Amino acid sequence: MTTTILTPATVATKPGALQRLAQLLRDMASRPSGAVGLFLVLLHLLVAILSPWLVPYDYKTISATLILAPPDALHWFGTDQLGRDVFTRTLLGGREAILVTLVATPIAVTWGGLLGIYLGLVGGRIDNVVMRIVDAFLALPWILKMLLLIVTFGTGIEVLIPTLATFYGIPVIRIARAAAHNVVARDFVLASRARGHGKFTIISRELLPNVLDALMVEGAMRWSWMLLAFSSLSFLGFGVAPPNPDWGLMIADARTFLAIAPWAGLYPIVALSSLIIGINLTADALAKALGVDRAQKAPI
Amino acid sequence: MLRMVLQRLMLGVVTVALVSLIIFAGVELLPGDACTAVLQRDAHGQRLINCRKELGLDRPAYVRYAGWAAGAVRGEFGVSANSDTRISELVGDRVKNSLLLGICALAAGLPLAFLFGILAALKRDKALDLVVSGLAISAMTIPEFVSATMLILVFSGWLGWLPGIVLTSANAPVAKFFPEIILPVVVLSMVMTAHILRTVRSSMIEVLDSDYVRMATLKGVPYRSMILRHVLPNALLPAINVVALTVAWLLGGVVVIETVFNYPGLGRLMVSAISDRDLALVQAIALIVASVYVVVNLTADLLTLVANPRLRTAMARHA
Amino acid sequence: MNDFPSTTLRTGATPGHSSAAESRPASSARDSALIDIHDLTIGFASRAGTMLPVLRNIDLQVRRGESVGLVGESGSGKSTLALAAMGYLKGGLKVMGGGARFAEHAMFDLSRPQLERVRGGKIALIPQNSGQSLTPTLRIGTQLREALALHSNLPPAAHPQRVIELLAQVRLPEPATIFARYPHELSGGQQQRVAIAMALAGEPDALLLDEPTTGLDVTTQAHILELLRELNRETGTAMVYVSHDLGAIARVCDRVVVLYAGEVVLQGSTRQVLLAPMHPYAKGLLASIPKLSDAQLPVALAGRPPAPGGAGSGCSFVDRCAIAQDKCRSARPPLATLASGEVSRCYFPEQTAQIASRGANPVAVRVSADAGPPALVLDDICISYARPGLIDQLLGRRPNVPNTVDGVALRIGKGETIGLVGESGSGKSTILKAVAGLLAPVRGAIEFGQDEAMAQDVDHRTPDHLRRIQLVFQNPDDSLNPRHTVADILAQPLQLYFGLKGEELHQRSVALLERVRLGGHYMDRLPSQMSGGEKQRIAIARAFAAEPDVVLCDEVTSALDVSVQAAVLELLNDLKRDKGTTYLFVSHDLAVVRALSDRVAVLYQGRLCEVGPAADVYASPSHPYTEVLLGAVLEPVPDKAPVLLADDVVELAPPAKGCPFQRRCPKKVGDICDTQMPPWQTSEGGHAIRCHIPRGDLAATASTHVGVK
């Protein structure tokens, strides 16, 4: 048993939500890795929002004369195989990816989290049946599931967002359920039940506040897996359609010319990698700041 | 204990059955079927009805499912709509090739993952740990197609040491795939190793901090002996499950790598089958892949059961 | 950077068994000591970078064959001290001054290989939680053989035999079977014995025991302590016994060292410290322990120990001391040897005796079972945890397993406190859960008042019924949601049962806080910002917020420090006086139950053995199991040996028929005990015993009983 021994100086009151957020960010930034991560993520978000006003050229403009031109004063990142400005396309390349994944992630975490918490609380036959179905779903490779829907319904945002949100929410069920199990076993949940509170009250008042931390960290990780998936899909030709700029697509296009014109592929590679690394570092810092044990699972 | 094994086996069978249902239902729900795929713009009117009758698509869903499932159990998946070859032949070669890739990646990656995971934990927070953990994180976060592309650039483009693309045909014997297979194996094992390494490391750290390891220290057990007898057996148990999960992930992640390197494996076949709307082929591949996943997980489960004395007794008491 | 004043004198008092206490010159006492801890200061770095001490200027000498008890509560540093004797420090701790010697080794100066040779060999540790301290993947035999391989001179071929001998030496039945088992297959008591055997493998000169009996059943505890006592006598091994339980220490140790806030505050022979402690803290501690022999409520020790580094410049106990004076605040008292041979860190040790102990006890509210309508009636309830398996479900029958709780019938009067005692597996917590509606009985019913039917399951009870029965849990860390403030926690019942809002809600909450002696300034605190005792008060406040008729207390004091327990008991007594609440008080601690209860029910394996007024149950005649329990209780009274009547056997399930105690009963009469459920024999005063042996015979064959007032 641990006894928290108080002296008057340490008496604190529960801080408000905004204060807690500020404190959280401060904790995360206090470590060098966390600071770097936050910086990268914020930078990318800013660029994604502001890029249409920052870019010097139109991303679609092709030029027969300037194919695969090396970087110079006019084209800072050079041009690609169709003569388009790589700098412009790199800056704009993350917009759709970030938009889609940033919308899909909270949806995935919300529905997966709530279902997982509910299953963790009720257990029994419902839990058994749902988990069997979840297991069966997870047995299928993600790309198969994604491709089937994309090939049938197209690659627009209205397809990608729900698809990603659905498929990436399923592993969250497992994680939320495990986290809920830990909390359900504790006496204060039993106390709530003894007072006659119904399931909804128990979930919202007792379970959710305690599981939220784990879900937030998981949410950050989900975002990075989703970006990976999105880029991979674009790379394979099943994501963003040309001529729209996208990092995955750009890398695929540049692959054949990589030896002679590395800039066409290198810049989008750096952009994509830096964002994903930034998210991972942020998730790590978040986990440490919240005291969550980050279980490394294979990306689904 | 036997009861436990049987329970797990049954669970595996149920999962595979459920998967087959999901695959079948999923494909059913998508607009279009084999006939619309083949006939395309001609898919309407009498031609459509005839086509469906010919392919047996007018029978009710559960009948078709039963037929398909029965065939699948025997290894008979029908005929590929696009190439008119028997699916089992088509798939057989590809499975061999993908297995080759996977096994080579495992053989290269697993020993490294365990070795460095253990070392990183023993030298926690020191230079070795920071470097190893940093490399692992990079390997995990950078997309495979990115690392593949960069490796091709370096080893094939600039240095010219290794071929950057696989030109061997699908039905070639295994030996012919070397040295083309080296780069794909490296990329595949990079991600896998990174995941397993991190799990091994954190499991080791947890065990090193446990009460019984402290007790062993206070009992005077020498360092090496303690690691070998008290720490490793307890730390490596949970790793079995992660290895299984990672292997299972391989089945999905391999698609991108096969595409980048033009490797004639199951993943590439799956992508083209989907693009071509060759639904029978898609169903077959999905079922095979899912079954492998279930088998791998089952093996991991059973291995854990055998290795962990606590599980054996707990189950025996319930049995 | 060591700015802690070193102490003046330290002498080791001679073992209490010898005739007269001699004081020896300091140097030779240290020379002949087996364990010599000298001016040891250990601390850790705070977030701000300053070093905060966990132990300050500790001097402790243990001679060969001596057994010394280290007493203290949480935060006193006793475990750290015991481990320091082995040269071991938990992560983050550093030696700030002084050292620890064992025989000729300076433990903190040894290299790793040297430490490996000494530890586990000549000085061995018996850890607190053996279940977690034995490697789960190695068999018992393997682990013990490892100990032998490391520290004994026997040839390897002789090891297995020696392991069997060691297991037999710690009185484990069937040592050959245990040899092949895994740690998780043994019970808590067996695991502890294995840990002792492992420590003995190296033929140690000294044993360090870190709370070795915490968490074990009363009877198991008594057996293990007896074993330790005998080992000490047979082998002459020195022992350092760390515990918060003065009763255990009274049984095993010759000498007692009392620690408070990381310092030694009192040292003396066991008799001296227990009968005439010369330090206000020790005196307060003793007074706060409920005793069987004395049916009063213990006196609580107000306040809280200071945090590491928070002691200030004076005596660390000054804020809680009844005889504190100005001198005590300004300068830290040094250790001084008194004429009696005790060593005390107090300026005015003689005045300790004058601190009132009798008469300061809170007066327990006693309610006699009256003939009026009862508060609660348990009508022959049976509860089972067994779930029907698939086949049973199909056939629609219950599994053929004896019920966890069977045939419990109790009529609880209004305002009464009924104590439910029993060990693990007795079903006492199960009964509470059933009354609260969290578990439905498979047979029988729980009625409210006179014939007021009540749904058995929480989901079907009326809000009024839910309100009138409230539950307080054992572990305050677990029973409060870590994300809710005190205001949130108290708001829940007030909103749910009374629909209070806004200002009214706030005022009622503050009133509740004041009722449990915590001020309104606690409203915004989170559980992580409160101590165990404070959290338990909040839990009690939460229960009383509903204005219940019945409060169910599930081991509410078991997870708290001794001195804090007394405060919670006092609070419960207070509330009983004010509100006339009925309590169902469950505990394994017989003394605590005695102090608070009007009537007591004794349970074994889910079946009632004895029910009656507390005074009668604790006196003779008793059910044989009650006798076993009472005999095993360890009182902080010197020279009082527990009476061990039954074997230390943990039963996993009750027998299918007959008396539940048939397998362990020392007074078993014969086959009738195996086949027939014993009849109830009730006296006029309402004292009922369920036994085949007639009351008169039970009284005649009673073993030594604790005198009861």
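This is a predicted model: local features need pLDDT of at least 70, side-chain atom pairs count only at pLDDT 80 or more; totals for chains, interfaces and linings use all residues.
Reader: What makes you speak of confidence in chain C?
Author: The predictor gives each residue a pLDDT from 0 to 100. Chain C averages 85, and 92% of the residues score at least 70.

Reader: Where in chain C is the pLDDT below 50?
Author: Over residues 1-26 of chain C, and again over residues 704-709 of chain C. Beyond near neighbours in sequence, residues 1-26 have 54 contacts in the model, and residues 704-709 have 14. As for the model itself, the scores are ipTM 0.81 and pTM 0.84.

Reader: How do you know that chain B is in contact with chain A?
Author: Two residues are in contact if their C-beta atoms, placed from the backbone, lie within 7 Å. By that test, 38 residues of chain B are in contact with 37 residues of chain A. Several helices of chain B give two or more residues to this side, including helix 1 (2-29), helix 6 (127-141) and helix 12 (279-307). Helix 10 of chain B gives the largest share, 8 residues.

Reader: What classes of residue does the side of chain B that touches chain A have?
Author: That side has 26 nonpolar, 11 polar and 1 charged residues.

Reader: How is chain B divided into domains?
Author: Chain B has domain 1 (2-73) and domain 2 (88-275). The C-alpha centres of these two domains of chain B lie 35 Å apart.

Reader: How are two packed helices described?
Author: By the angle between their axes and the distance between the axes. For helix 5 (residues 87-122) and helix 8 of chain B, the angle is about 30° and the axes are 7 Å apart. The contact of helix 5 with helix 8 of chain B divides into 22 nonpolar, 4 polar and 1 charged residues.

Reader: Why is the crossing of helix 5 and helix 8 of chain B called right-handed?
Author: A crossing is right-handed if the near helix is turned clockwise from the far one by less than a right angle. Helix 5 of chain B passes helix 8 of chain B in that way, so the crossing is called right-handed.

Reader: Why are strand 2 (51-63) and strand 5 (105-106) of chain C called edge strands?
Author: The open sheet of 4 strands in chain C has the order 2-1-4-5, with antiparallel pairing. Strand 2 and strand 5 of chain C each pair on one side only.

Reader: How do you know that strand 4 (residues 93-102) of chain C pairs with strand 5 of chain C?
Author: Pairing needs at least two bridges. Here 2 bridges join these antiparallel strands of chain C, so they count as a pair. C:Arg101 stands opposite C:Ala106 in strand 5 of chain C.

Reader: What makes the peptide bond from A:Pro242 to A:Pro243 worth a look?
Author: That bond is cis, with omega near 5°. A:Pro243 is in the loop between helix 9 (199-236) and helix 10 (247-254) of chain A.

Methods:
Residues are numbered from 1 along each chain as its sequence is written. Chains are lettered from A and ligands numbered from 1 in the order in which they are written. Ala, Val, Leu, Ile, Met, Phe, Trp, Tyr, Cys and Pro count as nonpolar, Asp, Glu, Lys and Arg as charged, and the others, Gly among them, as polar. Domain bounds come from an automatic or database domain assignment. Axes are lines fitted to C-alpha atoms, for helices over the stretch in contact, and angles run from 0 to 180 degrees between N-to-C directions.
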